[in-house]
Amino acid sequence: MALVLFNTLSGKKEEFKPIRRGEAGVYSCGPTVYNFAHIGNLRAYVFSDTLRRVLEWNGYKVKQTINITDVGHLTSDADSGEDKMTKAVRREGKPMTLEAMRQVGAFYTATFLNDLKALNIERPDVMPRASDNVDEDVEIIKILENKGFAYKISDGLYFDISKFPGYGKLGNIKVGFLKEGARVAVNPEKRNPADFNLWKLNPELGWNSPWGTGFPGWHIECSAMSRKYLGQPFDIHTGGVDHIGTHHNNEIAQSEAAFNVPLANYWLHNEHLNLGEGVKMAKSGENFFTLQSLIERGISSIAYRYYLLGAHYRTPMAFSFEALKGAHNTLARLVSFLAVMPEGGAVNAAYEKKITEIINDDLNTPAALAELWELVRDEKVDAADRRATALAFDRVLGLNLAALIREQSAPIEIPSAVARLLSLREGARAAKKFARSDELREEIKKLGYAVRDTEDGQKVEKI
Ligand code: AMP
Ligand code: ZN
C-alpha cells in the first residue's frame, strides 16, 4: 500500500519513493533555544514524530534529525534585527560570551527534551547543535563565494538571489513579494531586497572566519547540518508553514547553488496552531502557552497530542481550551474502554488494512482516530482483538495507550511526603489560598510529581 505525502515543492500529493531502498532520511528544523517552546512549536514536532512513526509502520528504517538552533536566528526571519540568542543572553543578565550563549541554549534545550518526552515523541537519532557545526557552514559559504553567489557588505556576507535561477520555487513564492517591507528595515547595501545573510559580522561575539569575527546565518546552518548528517539530496525536509517563504527557499538556494543537486526530495509543512483567527502563536509574542501551563490547567501532555492528531497537519488549528478539554476527556474514555477489554487478542487484519490506508494518505490522523473509535465500538470483533489492534496501531499514534491503561488499572503509588503536600494543597484550594496552592504545587514538583486540577479534584502524574 503506497505511502502518499503532500510535497510543497510540487504542490501535490506524491507517492513516497526513498533514495535508498527501505530507508528514509528526515530533517526537521529544530527549535531556536532562546525561550521555552510553546505548544505551537510542539505541533511541528508531534507532526514530524507522526511522520517518523508512519514511515516506520511502512517498514522504513528512519534516520531523523532535528537540529538545535543555538546561534544565528535573527529576530526577523528575513535577516534583520538582533540574534535571538544574544538577545536572550542579555535578557538573562549573563555576560556576552559564547559560553554564556551555550548555557542559555543548553537550558532551553533541556526543557525542549522534557517536552518531547512528555508528548511521547521518539528521541530523534541525531540532534546537532548549530554552534558545533560552524566549520561546516564556513566550508559551504567558501564554495558559494568561489562560485560568485556571495558578496560582502558592511554587516556581513550575503547570498545574491539573482544568481540563482528559480529562487522561490518552494511554494511558488514570487520574489516580488519578498521585498523588504514594513516589518523589515531596508538595508540599502543589499543588491536585492530578498538577499540573505550567510555570515553576520559581530565584533562583540562569534567565531573567526575568512570574512571576520561573527556567526553563521540561520539558513546556512540547516543546509550544512542536513547535508552532514543525511547527505544531499536526502529524502524529507519538514518545518512549519512559516518557513516556506524565506528559510526553506534560502536553504534550497544555498545548497543547490553550492552542490548542483537538490537539497531534499520531499518538503512537508505543518500548519500553525493559532490563537484566534489567523493569529499565530509566536515565541516572540507574549501570548503563548507552554506544555507545563496546560498541565497546570488539568490537561495531560498526551491529551494535547490527542488534540493535535484530531486535526490534519495541513489544517490550521484555532486553539481553544474547550476543545483541548474535550480531547482530554475523549482520550480518557478511550482508555476506559480499552482497559476493560481482555489481553491476549490478535490484530484484526481488516482494521489494520483500513487504518494503514487512511494513515498512508498523507498522514490522515483525524480519520485514523475516527477509525480507531469505530474499531473500539465494533461488537462484531472480539474484545481482546479490538484491544490488541488498538495497541498495535498506537505505534503510529504514539498515545502511549498501554501505559495509560496500566495507570488506569493500577493507580500510581504516591510517596507519603507527596500525599501530605497534596492534602495541604487541597485545604489551600478549598480556602481559596491560590498563592499557597501554587507554592505547594512547586514543592510537589520538586519531589518529581506534577499536579493537575480536574473536575474530580487533584490528579497526580510522575514527571
Ligand atoms: P522556532 O523555534 O521558532 O525556530 O520554531 C520551531 C518550529 O515550530 C518551526 O518548525 C516553526 O515553523 C514551528 N512553529 C512556530 N510557530 C508555530 C505555530 N504557531 N504553530 C505550529 N508550528 C509553529
Ligand atoms: Zn531550518
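Isoleucine 173 sits in the loop between strand E8 (156–159) and strand E9 (196–201). In this predicted model, isoleucine 173 has a relative accessible area of 22%. Buried means under 20% and exposed over 50%, so isoleucine 173 counts as partly exposed. Arginine 123 lies 50 residues from isoleucine 173 along the chain. The C-alpha atoms of these two residues are separated by 33 Å.

The chain as a whole contains 15 helices and 17 strands. The C-alpha trace spans about 70 × 55 × 35 Å along its principal axes. Of the 463 residues, 54% are buried.

The donors are Cys29 (SG), Cys222 (SG), His247 (NE2) and Glu251 (OE), at 2.0 to 2.7 Å. Angles among the four donor atoms run from 73 to 134°. A tetrahedral assignment requires all angles to lie between 85 and 135 degrees. The site of the zinc ion (ligand 2) is classed as irregular. The donor residues follow the spacing C-x192-C-x24-H-x3-E in sequence. Distant parts of the chain are linked here: cysteine 29 and glutamate 251 are 222 residues apart. Cysteine 29 belongs to the loop between strand E3 (23–28) and helix H1 (39–57). Glutamate 251 belongs to helix H6 (residues 242–259). Both cysteine 29 and glutamate 251 are buried.

The largest pocket holds about 1700 Å³ of space. It is lined by 46 residues, and the closest to its centre are Ser300, Ser301, Glu407, Arg452 and Glu461. Several elements give two or more residues to the lining. The helices are H3 (98–118), H7 (291–296), H8 (301–309), H9 (321–339) and H13 (401–409). The strands are E16 (449–454) and E17 (457–462). By residue class, the lining divides into 19 nonpolar, 14 polar and 13 charged residues.

Helix H8, one of the elements that line the pocket, is mostly covered. Nine of its nine residues are buried. Among them are the aromatic residues Tyr304, Tyr306 and Tyr307.

Conventions
Residues are numbered from 1 along each chain as its sequence is written. Chains are lettered from A and ligands numbered from 1 in the order in which they are written. This is a predicted model: local features need pLDDT of at least 70, side-chain atom pairs count only at pLDDT 80 or more; totals for chains, interfaces and linings use all residues. Side-chain values use heavy atoms; hydrogens and water are left out. On a 1 Å grid over the protein atoms alone, a cavity is a set of points where a 1.4 Å probe fits but cannot get out, and a pocket is an open set with protein on both sides within 12 Å along at least five of seven lines; lining residues have an atom within 4 Å of a point. Grid points are joined across faces, edges and corners, and a volume is the space filled by probe spheres set on the points. Helices (H or I, at least four residues) and strands (E, at least two) are DSSP runs, numbered from the N terminus. Ala, Val, Leu, Ile, Met, Phe, Trp, Tyr, Cys and Pro count as nonpolar, Asp, Glu, Lys and Arg as charged, and the others, Gly among them, as polar. Donors are N, O and S atoms within 2.8 Å of the metal (3.2 Å for Na, K and Ca); water is not among the atoms, so sites may look incomplete. Four donors count as tetrahedral if all angles lie between 85 and 135 degrees; four count as square planar and six as octahedral if opposite donors are over 155 degrees apart and all others between 65 and 115; anything else is irregular. Buried means under 20% relative accessible area, exposed over 50%, partly exposed in between (1.4 Å probe, protein chains only).
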